[in-house]
Amino acid sequence: MTGTGVTWLTQEAHDRLKHELDELVAHRPVLAAEINERREEGDLKENGGYHAARDEQAKQEARIRHLQELLRDAEVGVAPADDGVVEPGMVVTIAYDGDDDDRETFLLGSREEGVHGSLPVYSPQSPLGQAILGASRGESREYILPNGRTQKVSVVEATPFSG
């Protein structure tokens, strides 16, 4: 479940993303027709509508490819083992070094998960996510902040998400 390329998703997130993918694929002919219609307007160099439609098509195709890859490699609704080891699908509480009162709890999963109530979602590919993957309760790890400094955190708790 923690192998490269595998994304952990709740069943709800999987269904939502699958629905989005189906809608995007169904909308392809509409965009193609719009591009053809704009092409008929004449000079393509100065045809803003044509270029806007082509840009929209490129964005849509990129999103379709992203969703197809994400859903193909997804682990859906499979709860990780309740062994206290951090992996995707776990609700993790960390304490920042030097301040035991400064704690943060989040779901380690795909950004596509969205937010579950007040529970934020951090990607396993984020600097923090990469640092704590495989860590056990009580274990400390370090990661590099965007400003170049190192941040040390300790895993306080790691339990399977139960949507």
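This note goes through the sheet, the helix pair and the salt bridges of a predicted model.

1. Basis. The model is predicted, so local features need pLDDT of at least 70 and side-chain atom pairs count only at pLDDT 80 or more, while totals for chains, interfaces and linings use all residues. Residues are numbered from 1 along each chain as its sequence is written, and side-chain values use heavy atoms, with hydrogens and water left out.

2. The sheet. Five strands form an open sheet in the order E5-E4-E3-E7-E6, and the pairing is mixed. The edge strands are E5 (121-122) and E6, each of which pairs on one side only. Strands (E, at least two residues) and helices (H or I, at least four) are DSSP runs, numbered from the N terminus. Two strands are taken to pair if DSSP finds at least two bridges between them. As a general point, strands of a sheet pair through backbone hydrogen bonds, either parallel or antiparallel.

3. Strand E3 and its neighbours. E3 pairs with E4 (residues 103-108) in the antiparallel sense, over six bridges. Within this pairing, Thr93 has Thr105 of E4 as its bridge partner, and Ile94 stands opposite Glu104 in E4. E3 is also joined to E7 (residues 150-160) by seven bridges, and these two strands run antiparallel. There, the bridge partner of Tyr96 is Val153 in E7.

4. Burial of E3. How many of the residues of E3 are buried? Seven of its seven residues are, so the strand is described as mostly covered; buried means under 20% relative accessible area, exposed over 50%, and partly exposed in between (1.4 Å probe, protein chains only). In a regular strand the side chains alternate between the two faces of the sheet. In E3 both faces are covered: Met90, Val92, Ile94 and Tyr96 are buried on one side, and Val91, Thr93 and Ala95 on the other. Ala95, in strand E3, has a relative accessible area of 6%. The C-alpha atom of Ala95 is separated by 16 Å from that of Leu145, which is 50 residues away along the chain.

5. The E6-E7 hairpin. E6 and E7 run antiparallel and are joined by five bridges. Ser140 stands opposite Ser154 in E7. The hairpin has five residues between the strands, and Gly148 takes a positive phi near 95°.

6. Helices H1 and H2. The axes of H1 and H2 (residues 48-72) come within 9 Å and cross at roughly 155°. H1 is therefore roughly antiparallel to H2. Angles under 35 degrees count as roughly parallel, over 145 as roughly antiparallel, 65 to 115 as roughly perpendicular and the rest as oblique. The axes are lines fitted to C-alpha atoms, for helices over the stretch in contact, and angles run from 0 to 180 degrees between N-to-C directions. The contact of H1 with H2 has 12 nonpolar, six polar and 10 charged residues. In this classing, Ala, Val, Leu, Ile, Met, Phe, Trp, Tyr, Cys and Pro count as nonpolar, Asp, Glu, Lys and Arg as charged, and the others, Gly among them, as polar.

7. The whole structure has eight salt bridges, each being a side-chain nitrogen of Lys or Arg within 4 Å of a carboxyl oxygen of Asp or Glu. One of them joins the side chains of Asp22 and Lys18 at 2.8 Å, N to O. Both residues lie in H1 (residues 11-39), four residues apart, about one turn of the helix. Asp22 is partly exposed at 39% relative accessible area, and Lys18 is partly exposed at 38%. Another salt bridge links Glu139 and Arg141, whose closest N and O atoms are 2.9 Å apart. Glu139 is partly exposed at 30% relative accessibility, as is Arg141 at 22%. Elsewhere, salt bridges that share partners join Asp82, Arg137 and Glu157 into one network.

8. The Arg137-Asp82 pair. Which parts of the chain does this pair tie together? The side chains of Arg137 and Asp82 meet in a salt bridge of 3.9 Å, N to O. Arg137 lies in the loop between H3 (127-132) and E6 (140-144), and Asp82 in the loop between E2 (74-76) and E3 (90-96), so the pair ties together parts that are 55 residues apart in sequence. Arg137 counts as partly exposed at 40% relative accessibility, whereas Asp82 is exposed at 56%.
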